[in-house]
Amino acid sequence: MSQPIRIALAKGRLEKQCRALFARAGYDCSALENPGRRLIHALPHPEAAQLDAVLSKAPDVVTYVSRGVCALGVAGKDTIMEQGGPFYEMLDLKLGACRFSLAAPKGEDFFSGAGHKRVATKYPEVTRRYLSGLGMDAEIIRIEGSCELAPLLGLADAITDIVETGDTLRENGLVILREMFPLTARLIVNVAAYKLRRKDIDCLIEALRRAAETC
Ligand code: PRP
(Lines give C-alpha, C1' and ligand atoms only; values in the text may rest on other atoms or scores of the structure.)
Protein backbone atom coordinates (compact mmCIF):
# COMPACT_ATOMS: atom_id res chain seq x y z
CA MET A 1 0.00 0.00 0.00
CA SER A 2 1.34 3.46 -0.90
CA GLN A 3 2.24 6.27 1.53
CA PRO A 4 -0.63 8.29 3.07
CA ILE A 5 -1.61 11.49 1.28
CA ARG A 6 -2.04 14.58 3.44
CA ILE A 7 -5.25 16.54 2.90
CA ALA A 8 -6.17 19.80 4.63
CA LEU A 9 -9.86 20.05 5.50
CA ALA A 10 -11.53 23.30 6.53
CA LYS A 11 -13.10 23.25 9.98
CA GLY A 12 -16.49 24.89 10.41
CA ARG A 13 -19.41 25.01 8.00
CA LEU A 14 -17.98 22.50 5.50
CA GLU A 15 -16.79 19.98 8.08
CA LYS A 16 -19.84 17.73 8.44
CA GLN A 17 -20.74 17.59 4.74
CA CYS A 18 -17.11 16.99 3.87
CA ARG A 19 -16.88 14.06 6.27
CA ALA A 20 -20.04 12.54 4.78
CA LEU A 21 -18.65 12.92 1.25
CA PHE A 22 -15.36 11.19 2.07
CA ALA A 23 -17.29 8.42 3.84
CA ARG A 24 -19.40 7.91 0.70
CA ALA A 25 -16.15 7.75 -1.29
CA GLY A 26 -15.12 4.76 0.87
CA TYR A 27 -12.87 6.38 3.49
CA ASP A 28 -13.24 5.40 7.14
CA CYS A 29 -13.99 8.81 8.67
CA SER A 30 -14.78 7.59 12.18
CA ALA A 31 -11.72 9.43 13.59
CA LEU A 32 -13.31 12.73 12.52
CA GLU A 33 -16.53 12.12 14.43
CA ASN A 34 -15.00 12.98 17.79
CA PRO A 35 -11.65 14.53 16.89
CA GLY A 36 -11.05 16.12 20.31
CA ARG A 37 -8.11 18.54 20.17
CA ARG A 38 -6.08 16.29 17.88
CA LEU A 39 -5.46 17.98 14.52
CA ILE A 40 -4.29 15.16 12.20
CA HIS A 41 -6.39 12.02 11.71
CA ALA A 42 -5.91 8.92 9.55
CA LEU A 43 -8.71 8.14 7.09
CA PRO A 44 -8.01 4.59 5.87
CA HIS A 45 -9.53 3.14 2.70
CA PRO A 46 -9.75 -0.59 1.89
CA GLU A 47 -8.32 -0.15 -1.65
CA ALA A 48 -6.92 3.37 -2.08
CA ALA A 49 -4.04 5.24 -0.39
CA GLN A 50 -4.84 6.35 3.18
CA LEU A 51 -5.55 10.05 3.69
CA ASP A 52 -4.13 11.94 6.65
CA ALA A 53 -6.70 14.67 7.33
CA VAL A 54 -5.27 17.93 8.67
CA LEU A 55 -8.03 19.96 10.36
CA SER A 56 -7.40 23.62 9.55
CA LYS A 57 -8.96 27.05 9.28
CA ALA A 58 -10.15 27.64 5.69
CA PRO A 59 -7.45 30.19 4.72
CA ASP A 60 -4.75 27.86 6.07
CA VAL A 61 -5.97 25.07 3.77
CA VAL A 62 -4.93 27.21 0.81
CA THR A 63 -1.58 28.09 2.44
CA TYR A 64 -0.73 24.45 3.23
CA VAL A 65 -1.54 23.27 -0.29
CA SER A 66 0.22 26.21 -1.99
CA ARG A 67 3.36 25.52 0.05
CA GLY A 68 3.21 21.78 -0.50
CA VAL A 69 2.97 20.64 3.13
CA CYS A 70 -0.41 19.14 2.21
CA ALA A 71 -0.86 17.53 -1.21
CA LEU A 72 -4.59 18.20 -1.22
CA GLY A 73 -7.13 20.50 0.37
CA VAL A 74 -10.83 21.19 0.56
CA ALA A 75 -11.80 24.84 0.79
CA GLY A 76 -14.64 27.10 -0.25
CA LYS A 77 -14.38 28.91 -3.57
CA ASP A 78 -14.62 32.15 -1.55
CA THR A 79 -11.33 31.44 0.23
CA ILE A 80 -9.72 30.21 -2.99
CA MET A 81 -10.70 33.40 -4.85
CA GLU A 82 -9.51 35.59 -1.99
CA GLN A 83 -6.10 33.97 -1.59
CA GLY A 84 -5.27 32.49 -5.00
CA GLY A 85 -2.02 30.58 -5.22
CA PRO A 86 -0.05 27.98 -7.12
CA PHE A 87 -2.35 24.94 -7.04
CA TYR A 88 -4.80 23.13 -9.29
CA GLU A 89 -8.50 23.45 -8.56
CA MET A 90 -9.50 19.95 -9.59
CA LEU A 91 -13.06 19.30 -8.54
CA ASP A 92 -16.25 21.06 -7.54
CA LEU A 93 -17.39 18.97 -4.57
CA LYS A 94 -20.83 20.62 -4.69
CA LEU A 95 -20.77 21.03 -0.90
CA GLY A 96 -21.64 24.10 1.15
CA ALA A 97 -23.53 25.85 -1.63
CA CYS A 98 -24.05 29.53 -0.82
CA ARG A 99 -23.91 32.95 -2.48
CA PHE A 100 -21.25 35.59 -2.14
CA SER A 101 -23.24 38.76 -1.66
CA LEU A 102 -23.08 42.49 -1.14
CA ALA A 103 -25.53 43.47 1.62
CA ALA A 104 -26.51 46.62 3.47
CA PRO A 105 -29.01 47.75 6.11
CA LYS A 106 -32.58 47.71 4.82
CA GLY A 107 -33.37 51.10 3.26
CA GLU A 108 -29.70 52.09 2.79
CA ASP A 109 -29.12 53.43 -0.74
CA PHE A 110 -25.58 52.19 -1.13
CA PHE A 111 -25.24 52.96 -4.84
CA SER A 112 -26.53 56.52 -4.83
CA GLY A 113 -24.61 59.72 -4.17
CA ALA A 114 -20.96 60.48 -4.60
CA GLY A 115 -20.13 60.18 -0.88
CA HIS A 116 -17.38 58.01 0.52
CA LYS A 117 -18.59 54.40 0.91
CA ARG A 118 -17.14 51.85 3.33
CA VAL A 119 -17.49 48.09 2.92
CA ALA A 120 -16.59 45.63 5.69
CA THR A 121 -15.53 42.13 4.72
CA LYS A 122 -13.41 39.06 5.43
CA TYR A 123 -12.61 39.08 1.68
CA PRO A 124 -10.88 42.37 0.81
CA GLU A 125 -9.36 41.20 -2.50
CA VAL A 126 -12.57 39.71 -3.91
CA THR A 127 -14.48 42.80 -2.77
CA ARG A 128 -11.99 45.25 -4.24
CA ARG A 129 -12.09 43.46 -7.62
CA TYR A 130 -15.89 43.34 -7.65
CA LEU A 131 -16.41 46.98 -6.69
CA SER A 132 -13.79 48.26 -9.10
CA GLY A 133 -15.64 46.26 -11.80
CA LEU A 134 -18.68 48.37 -10.89
CA GLY A 135 -16.57 51.51 -11.13
CA MET A 136 -16.81 52.13 -7.37
CA ASP A 137 -13.86 53.26 -5.32
CA ALA A 138 -15.06 52.22 -1.85
CA GLU A 139 -12.96 51.93 1.28
CA ILE A 140 -12.56 48.27 2.23
CA ILE A 141 -12.40 47.49 5.95
CA ARG A 142 -11.07 44.06 6.81
CA ILE A 143 -13.00 42.23 9.54
CA GLU A 144 -12.09 38.81 10.93
CA GLY A 145 -15.38 37.79 12.53
CA SER A 146 -19.03 38.56 11.83
CA CYS A 147 -18.90 41.48 9.42
CA GLU A 148 -22.71 41.85 9.76
CA LEU A 149 -21.82 43.82 12.90
CA ALA A 150 -20.01 46.54 10.97
CA PRO A 151 -23.10 48.43 9.65
CA LEU A 152 -24.81 48.03 13.05
CA LEU A 153 -21.85 49.66 14.74
CA GLY A 154 -21.58 52.44 12.15
CA LEU A 155 -18.24 51.12 10.92
CA ALA A 156 -19.38 50.45 7.32
CA ASP A 157 -22.20 51.21 4.88
CA ALA A 158 -22.30 47.67 3.47
CA ILE A 159 -20.67 44.27 3.74
CA THR A 160 -19.68 41.46 1.43
CA ASP A 161 -19.91 37.94 2.77
CA ILE A 162 -21.14 34.44 2.09
CA VAL A 163 -24.88 33.96 2.55
CA GLU A 164 -26.28 30.49 3.03
CA THR A 165 -29.71 30.55 4.70
CA GLY A 166 -29.83 34.37 4.93
CA ASP A 167 -30.65 34.14 8.65
CA THR A 168 -27.65 36.17 9.81
CA LEU A 169 -28.52 39.03 7.44
CA ARG A 170 -32.21 38.95 8.35
CA GLU A 171 -31.64 38.84 12.09
CA ASN A 172 -29.38 41.87 11.83
CA GLY A 173 -31.62 43.98 9.58
CA LEU A 174 -29.51 43.60 6.43
CA VAL A 175 -30.66 42.81 2.89
CA ILE A 176 -28.83 41.56 -0.19
CA LEU A 177 -28.08 44.30 -2.72
CA ARG A 178 -26.23 42.10 -5.22
CA GLU A 179 -25.64 38.37 -5.46
CA MET A 180 -22.05 38.50 -6.66
CA PHE A 181 -21.50 34.79 -7.45
CA PRO A 182 -22.42 31.29 -6.28
CA LEU A 183 -19.97 29.32 -4.13
CA THR A 184 -19.25 25.68 -3.34
CA ALA A 185 -16.31 23.76 -1.85
CA ARG A 186 -13.50 22.69 -4.18
CA LEU A 187 -10.73 20.10 -4.07
CA ILE A 188 -7.37 21.77 -4.61
CA VAL A 189 -4.14 19.93 -5.41
CA ASN A 190 -0.50 20.98 -5.00
CA VAL A 191 1.23 21.12 -8.40
CA ALA A 192 4.32 19.08 -7.46
CA ALA A 193 2.32 16.54 -5.44
CA TYR A 194 0.10 15.94 -8.48
CA LYS A 195 3.18 15.06 -10.54
CA LEU A 196 4.48 12.68 -7.85
CA ARG A 197 1.21 11.00 -6.82
CA ARG A 198 -0.89 11.41 -9.95
CA LYS A 199 -2.29 7.87 -9.99
CA ASP A 200 -3.38 7.96 -6.33
CA ILE A 201 -4.76 11.49 -6.64
CA ASP A 202 -6.70 10.70 -9.84
CA CYS A 203 -8.15 7.67 -8.09
CA LEU A 204 -9.28 9.84 -5.15
CA ILE A 205 -10.73 12.48 -7.50
CA GLU A 206 -12.74 9.83 -9.33
CA ALA A 207 -14.09 8.41 -6.06
CA LEU A 208 -15.03 11.91 -4.85
CA ARG A 209 -16.61 12.78 -8.19
CA ARG A 210 -18.83 9.70 -7.97
CA ALA A 211 -19.66 10.43 -4.32
CA ALA A 212 -20.49 14.08 -5.11
CA GLU A 213 -22.85 13.00 -7.90
CA THR A 214 -24.83 10.78 -5.53
CA CYS A 215 -25.51 13.61 -3.01
C1 PRP B 1 -20.78 32.72 7.73
C2 PRP B 1 -20.85 34.10 7.12
C3 PRP B 1 -22.11 34.66 7.68
C4 PRP B 1 -22.99 33.46 7.91
C5 PRP B 1 -24.01 33.34 6.84
O6 PRP B 1 -20.14 32.75 8.92
O7 PRP B 1 -19.69 34.84 7.41
O8 PRP B 1 -21.85 35.33 8.91
O9 PRP B 1 -22.15 32.30 7.89
O10 PRP B 1 -24.80 32.18 6.98
P11 PRP B 1 -26.39 32.24 6.95
O12 PRP B 1 -26.78 32.93 5.66
O13 PRP B 1 -26.83 30.80 6.93
O14 PRP B 1 -26.87 32.97 8.16
P15 PRP B 1 -19.78 31.38 9.66
O16 PRP B 1 -20.96 30.89 10.43
O17 PRP B 1 -19.22 30.41 8.66
O18 PRP B 1 -18.72 31.78 10.72
P19 PRP B 1 -17.44 32.72 10.63
O20 PRP B 1 -17.97 34.11 10.93
O21 PRP B 1 -16.58 32.18 11.70
O22 PRP B 1 -16.82 32.63 9.25
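The questions below take the crossing, then the cavities.

Mentor: This is a predicted model, where local features need pLDDT of at least 70, side-chain atom pairs count only at pLDDT 80 or more, and totals for chains, interfaces and linings use all residues. Residues are numbered from 1 along each chain as its sequence is written, and side-chain values use heavy atoms, with hydrogens and water left out.

Trainee: At what angle do the axes of α1 and α8 cross?
Mentor: Axes are lines fitted to C-alpha atoms, for helices over the stretch in contact, and angles run from 0 to 180 degrees between N-to-C directions. Helices are DSSP runs (H or I, at least four residues), numbered from the N terminus. The axes of α1 (residues 15-24) and α8 (residues 198-213) come within 8 Å and cross at roughly 110 degrees.

Trainee: Which residues of α8 does α1 meet?
Mentor: Contact means heavy atoms within 4.5 Å. From α1 come L21, F22 and R24. Their partners in α8 are L204, L208, A211 and A212.

Trainee: What is the volume of the largest cavity?
Mentor: A cavity is a set of points on a 1 Å grid over the protein atoms alone where a 1.4 Å probe fits but cannot get out. Its volume is the space filled by probe spheres set on the points, with grid points joined across faces, edges and corners. For the largest cavity that is about 70 Å³.

Trainee: Which element gives the most to the lining of the largest cavity?
Mentor: Lining residues have an atom within 4 Å of a point. Here they include E15, C18 and R19. With three residues, the top contributor is α1.

Notes
Helix = DSSP H or I, 4+ residues; strand = E, 2+ residues; numbered from the N terminus. 1 Å grid on protein atoms, 1.4 Å probe; cavity = no way out; pocket = protein on both sides within 12 Å on 5 of 7 lines; lining within 4 Å.
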